[in-house]
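Subject: Structure for your review

Dear colleague,

Please find below the structure that I am handing over to you.

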Amino acid sequence: MSAPTTAAIPTPTVPGGLPLIGHGLRLARDPLAFFKSLREYGSVVRIRIGPTPAYVVTDPALTRRVLVTDAAHFTKGGKYNDALRVFLGDGIATVADGDTHLRNRRLMQPMFNKAHIAEHGDAMIEQVRTMVGAWTAGEPRDVLADMNGITLAAFLVAVFGADLPAHLEGEFTALMPDIMKGTIRQVILPPWITRLPLPANRAHADRVARLRALIDQAIDHRVDAAAPGSAAAADAEACPHASQAHQQQKGLFETLIGAEDQLGRRQLQDETITLLAGSIETTGTTLAWALYEIARNPAVERRLREELASVCGDRPLRHDDIDRLPYARRVLQEAIRKYGVLWMVTRTAARDVVLGGHLIPEGADVMWSPYLHQHDSALFPDPDSFDPDRWETGGAAGTRGSFLAFGDGRRKCIGENFAWVELQIILATVLQAWPRFQVTSRPPRAQAVITVEPDALAMEFHSDVSQHPATSR
């Protein structure tokens with residue numbers, strides 16, 4: 001990719017744009033269908049969000065060039081990224097490319113190596129088991145809300161330790177859904193609307209401010225607990241048993257406390273909120289869709305339960321079991337593939353560049369969609385079917401390059417290892433706790449918020465195995 005030396009191919013403009021709002025109305029009404037329709041116009045197409053043009057890449061090979069091969073020409077930015085920065089700040093997911101991003105990523109990287117995550121795996125399992133086991137048998141449950149709540153609780157235990165005040169978790173759970181909806185509203189509406197002093201804009205700003213206050217309380221709690229003169233530290237020094245308990249209460253965040261002088265308090269807030277949003281939205285949504293697909297595919301459920309029984313027998317899951325559950329991982333990967341989970345990501349062209357023969361001018365928004373790529377029938381045959389076996393070793397070589405749910409290149413998601421551990425812990429724990437579950441609502445429709453969520457999904461969980469679909473069919 002380079003500055004144009006020959007005439008570029010004209011970039012097709014998608015029809016249907018309206019004065020002032022461009023394609024914003026179509027994005028607001030049904031963004032998933034709109035994005036899927038773009039492939040028919042070309043590998044790079046132009047849309048308008050308000051009066052501003054944006055270039056959508058529909059070819060995953062070209063998207064990989066944006067993310068990896070020619071990443072220097074496509075910097076972190078764009079309307080979607082700007083909307084996320086309203087509440088994420090300059091965390092590593094949204095901060096501009098450059099020295100700050102590299103420094104912060106290096107400081108945070110130790111939090112997410114496999115050995116460090118493993119130290120907190122059993123504490124996460126215990127937290128999840130307690131929550132899942134407290135469900136009432138036969139009671140219809142909002143699965144997305146449950147999965148978001150459980151992923152949040154597991155995240156907080158892993159990152160902040162097991163002694164975080166309970167009221168913080170409750171407020172996080174209450175705030176996050178509305179913040180996510182407010183963020184996507186800022187993405188699809190023209191900027192002049194989102195800057196007006198409208199009630200919805202003020203409410204979004206107030207929720208973001210409250211989230212930052214809660215994050216500050218969580219950071220202070222962890223810093224105080226880690227201080228040499230704290231009660232927990234004194235107990236740990238005086239008693240070996242207390243020392244072990246104190247160690248278990250520590251979280252992944254402990255590794256960042258010593259770097260506060262390098263990051264600053266505002267940056268600690270930004271990084272924590274970034275991790276929080278990523279943990280809840282993508283993981284909770286994936287689990288909700290996975291449980292839905294398991295409930296409607298008895299053969300998939302049967303294989304999952306057989307694999308889990310062969311590894312664990314009658315005992316509860318342990319962290320060192322996770323790597324011995326390959327089919328469970330394929331089920332989760334297929335849930336991510338089928339439902340996105342992200343549906344839009346943006347970059348900014350750092351200069352005039354040619355991509356796939358099309359000129360993209362300096363400063364233009366460049367957009368791509370994991371959801372769109374992962375529904376490309378040329379790469380994923382029968383893309384609307386749920387087929388975990390498409391990820392079997394040796395059979396997925398042609399599709400892995402188009403699986404971009406965690407991004408790629410130097411901006412690839414830093415928490416991918418943590419996400420896979422959390423996903424597998426929660427799925428396995430639900431299966432162990434509840435021998436039977438079923439969907440009690442109508443089939444959910446996919447809706448684009450920050451992630452691709454089910455619009456409504458209710459399920460019942462039962463402790464008896466009579467007429468269990470995984471064993472009776």
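The protein chain has an average pLDDT of 84, and 86% of its residues score at least 70; pLDDT is the predictor's confidence in each residue, from 0 to 100. This is a predicted model, in which local features need pLDDT of at least 70 and side-chain atom pairs count only at pLDDT 80 or more, while totals for chains, interfaces and linings use all residues. Residues are numbered from 1 along each chain as its sequence is written, and side-chain values use heavy atoms, with hydrogens and water left out.

Helix α17 (residues 298-312) has the highest mean, at 98, and helix α21 (residues 469-472) the lowest, at 43. Helices (H or I, at least four residues) and strands (E, at least two) are DSSP runs, numbered from the N terminus. Over residues 231-236 pLDDT stays under 50, and the model has nine contacts there beyond four places in sequence; a contact means heavy atoms within 4.5 Å. Residues 240-248 also stay under 50, with seven such contacts. Where pLDDT is low, the predicted coordinates should not be read in detail.

The largest nonpolar core has 110 residues, and F35, I47, M147, F172, L211, L276 and W343 touch the most other members. Helix α16 (residues 265-295) gives the most to this core, with 14 residues. Another core, of twelve residues, lies apart from it and includes L62, V66, V353 and A364. A nonpolar core is a set of buried Ala, Val, Leu, Ile, Met, Phe, Trp, Tyr and Cys residues joined through side-chain atoms within 4.5 Å. Buried means under 20% relative accessible area, exposed over 50%, and partly exposed in between (1.4 Å probe, protein chains only).

H23 lies in the segment before α1 (24-29). With a relative accessibility of 1%, H23 is buried. Leaving aside residues up to four places away in sequence, H23 touches V14, P15, G16, G17, F34, I47 and R48.

An open sheet is formed by three strands in the order β4-β12-β9, with antiparallel pairing. Because β4 (141-142) and β9 (436-439) stand at the edges with a single partner strand each, one side of each is left without a neighbour in the sheet. Four bridges join β9 to strand β12 (residues 458-462) in the antiparallel sense; two strands pair if DSSP finds at least two bridges between them. R436 has H462 of β12 as its bridge partner.

Yours sincerely,
A colleague
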